[in-house]
Amino acid sequence: MTSRFLFTDVMGCDFVSMQMRSPPRIVVEGILSTFCGVHRRCSTFYPTKNHLLYSLGFRSSFSTAALATTKEPNWGFDSRRNPEKVRPWHESKEAQSCRTERSGLESVNEKNRLKWYSKMLRDCAAGMRLNEGKMIHGCIIRSGSEPDLHLWVSLINFYAKCGALDFSRNVFELMSMKDVVSWTALISGFVAQGHGIESIELFCQMRKEDVRPNEFTLATVLKGCSLSLDLNFGKQIHAEAVKIGVLSDVYIGSSLIELYSKNGEMEYADGVFCMMPEKNNFLWNALLNGYAQVGNGKAVLRLFNEMEDPEMRFSNYTLSIVLKGIASFGAFTAGQGVHSIAIKVGGETDDFVRCSLVNMYSKCGVANYALKVFKTMENPDIVTWSSIICALDQEGLKEEAAKLFHRMMRSGMRPNEFTISTLVSAATDLGDLRYGQSVHACAHKFGLEFDHLVSNALIAMYMKLGSIYDGYRIFNKMANWDVISWNALLSGFHDDETSDQGTRVFKQMLTDGFTPNMYTFISILRSCSSLSNIEFGKQVHSHIIKNKFVRDGYVGTALIDMYAKCGCMEDVEAIFSRLNEKDVFAWTVIISGYSQTNQGERAARLFNQMRREGVIPNEFTLASSLRGCSAIASLENGRQLHSLAIKAGQSTDMFVSSALIDMYAKCGYIDDAEALFNGMQPNDTVLWNTIICGYSQHGEGDKALKAFRQMINEGFLPDGVTFLGILSACSHMGLVEQGKNHFYSMSESYGITPSIEHYACLVDVLGRAGKFDEIERLIENMELTPNALIWENVLGACKVHGNVELGERAAEKLFQIDPETDSNYILLSNIYASKGRWNDVSRVRKSMSSKGIKKEPGCSWVEIDAQIHVFLSQDSSHPRLLDIHRKMEELRGRVSEVGYIPNTKYVPHNVTEKEKRENLFNHSERLALGFALISKVNGGRIRIFKNLRICGDCHEFIKCVSSTVDQEIVVRDASRFHHFRNGFCSCKDYW
């Protein structure tokens, strides 16, 4: 029988190198007898029938010596030992003691011997002492004893608990009679090591051999079903438990509850719990833990309140589960209540409870409370360290999280993948690439670089911080990708330069068979928004419909943003109306879309509708709405939003502040914008850019340049927008040399590569000064290909200075690049008209007509009592037209007295001089001025807005009117503001 028990790997280890913690004396004696020579009947390695197979399988370098052992000691196997200095072991006191003990042991009956072996194996299993247990197993083999059933099970259990499942299975296979206990022991071993599928297979094999399971077998297999999430097989085991009448067993009940909980079937779990005749702490905790795992914190609290036994209710394990459930839905007040219970019953001193408290406070968003509990822990484990570091990171305390990580490393605690990924996330949010690289080095040091969680976090960090190559490198080194890996890679392609790569990555992801999730669609839609790629965006939209994300709020918001940035507002309205839930982000995106497309009135109506529906605006909503007011120069709406921002405590927010300054500047109140700016502590470049551009638009170039110098002195670095404002200021003031110096300083001093917009500003600087030779040299030598904006500025300069030849060349370029824009034809026509070339004027107008291009009518508007009044040139539709004409006649007399003479060269029509003068007096800006004067505008300031460049004669007329009325007149045309006071204009007639 014992020969079946022998297999070669049991003692396959080197006895010389093996160190036992507390080996039995008989084992020590057996090893030493190998070298010292004992009687053949006592030698533990004597090759009898039962031991021959074992001896042949022994892999030690001393196995041959063991077989060659004789009665007399043989010292010849090591020539380095001195036999005179070494006393034979069998003559020592230790040998005599061992022989005495062995003779005592042999006197014990076989049953007690087997019990002793079983006890020793249990001790080894409890201490995870695999090598020592193997030696005991060897002793059993050499003793020639036939193991009883209990010893077989002890061996199976020992190897299983030590993780040696192959050995455990080999022992099991050697058994001649396999009963339910041995099967259960083997299945339990596989379950304990996390092999759920294998445990189910073993159970099926057991049933095929017609072994009937008991309650322990069923409970164990149910745990295997939980591990493998095999709900269907678990239900079959449930039926088996009902069939054999063991459903009321506590262990089966708790195992069933765990199975159903892990599979999200809480109704079944609750049903099992209710059917149990006796509910002990195992069942209560199993159900509590189930609800906590599925995130139903309210059910956890309900069950906790239903528990009656105080000893069960206030145990540390129960309190920990309840805290986990509270953490799942962020019930801070309830968490404090359970914390107070833990203090009252003395549970707060338990590290497991403290860890749960740290986690609960972290998930509730109160990192300071979590930190207080954490500081009371003497030896926090890595889970607790990770929880508190993650809490600080999620609260926005990135630097504190980094410092705590440094403290953890000093304490000698080894980080895990969750700690490292949290630190990588903190580095990403801080925008600190060097710190992120140091965390990457730490991950490499601890062998966590290619952990899936860490790799995904590193990819996202490098992509978001602009290190595209490093992100790609980590992505390509990963053994297996998942959808999170692809999302991390896509997260770096949201700017103008890299967005096209995002579309390629998305296509490759689909080709490789990955199914996009919500975050994938949000990311690729952002790439489409940056590219204004409506065609690819529509293809993504079709995938969204196919994957049933079309009503998802987050994906819907991204779709709205994409269509809005592509100018498709009808599609925006359709998607917005279909959203199941319209949160503040969805409202903000649609309001921002209308603001960006210069539909400020619609943006204002949506903002009011949002508030009526009870949605509270955030700082981004207010900033977007203010930009809508800026687009239509709606001062009253802007002021209401300003008061709302103050009331909500958001007026100091960076986005709101810059939007307020921009709104007041674009509504003609640069002094209010300046006062608002001076009342702040500018802490970023955006605010400086807003006030610099505001000064520039209002013709206050000196203030713009002064603000620029102050910005540099205070340590703020300019960006491309800053230089657009500075170059515009130089253009309006005629500062040619300063403009050129600032342009070239961009790359030389600040490392900013000039964009096409910067070149267009420099062309405007040179064009207004009439330096056409320099313009041509600049265009020839510029690194970028001239676009429509460059040639439009050239054509505008030619119109001002009457340069027909260059104007014709510029117009031809524009007709090729942008043949549908009416203003290009009108400017060329006006150049011809200023020179009296009426045939050419007629030719240009016929060309427009043949192409179906219509001139945009010039219009002006003025806001009176929160109502917008719009006037067209030669308008005859306004209800107070007669009053307006009377006022205009009155003004005509006044301005004539101060020297105004109509300049009919600004009428590009081949008509009589009288008709030209009448045409001038019916320009839209003059009608708007007349209406404002008869309406007695409050505040002493008249604000007129015009969609085109103000007519030169109207500019002179309004300047003269300002000398006859005690009011400031502000006119905003297509390019800038004109402030008329006492017969002077802020542009100093250089515009």
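A: Start with burial. A residue counts as buried when its relative accessible area is under 20%, and as exposed when it is over 50%. Keep in mind that this is a predicted model.

Q: Is H339 buried or exposed?

A: H339 has a relative accessible area of 11%, so it is buried. It lies in helix α19, residues 332-344.

Q: Which residues does H339 touch, not counting residues up to four places away in sequence?

A: With those set aside, H339 touches E348, L357, Y361 and V373.

Q: What describes two packed helices?

A: Two things: the angle between their axes and the distance between the axes. Take helix α30 (residues 518-531) and helix α32 (residues 553-565). They pack at an angle of about 10°, and their axes are 9 Å apart. Angles under 35 degrees count as roughly parallel. Therefore α30 and α32 are roughly parallel to each other.

Q: Which residues make the contact?

A: From α30, M518, F521, I522, L525, C528 and S529. From α32, Y554, V555, A558, L559, D561, M562 and K565. By class, the contact has 10 nonpolar, 1 polar and 2 charged residues.

Q: Where is A659, and is it buried or exposed?

A: A659 is in helix α38, residues 654-666. Its relative accessibility is 0%, so A659 counts as buried.

Q: How many residues apart in sequence are A659 and L626?

A: They are 33 residues apart in sequence. In space, the two are 5.9 Å apart, C-alpha to C-alpha. Not counting residues up to four places away in sequence, A659 touches A623, L626, R627 and S630.

Notes: Residues numbered from 1 in each chain as written. Predicted model: local features only at pLDDT ≥ 70, side-chain atom pairs only at ≥ 80, totals over all residues. Heavy atoms only, no water. Helix = DSSP H or I, 4+ residues; strand = E, 2+ residues; numbered from the N terminus. Buried < 20%, exposed > 50% of the residue type's maximum accessible area, 1.4 Å probe, protein only. Contact = heavy atoms within 4.5 Å. Axes fitted to C-alpha atoms, helices over the stretch in contact; angles between N-to-C directions. Parallel < 35°, antiparallel > 145°, perpendicular 65-115°, else oblique. Nonpolar A, V, L, I, M, F, W, Y, C, P; charged D, E, K, R; others polar.
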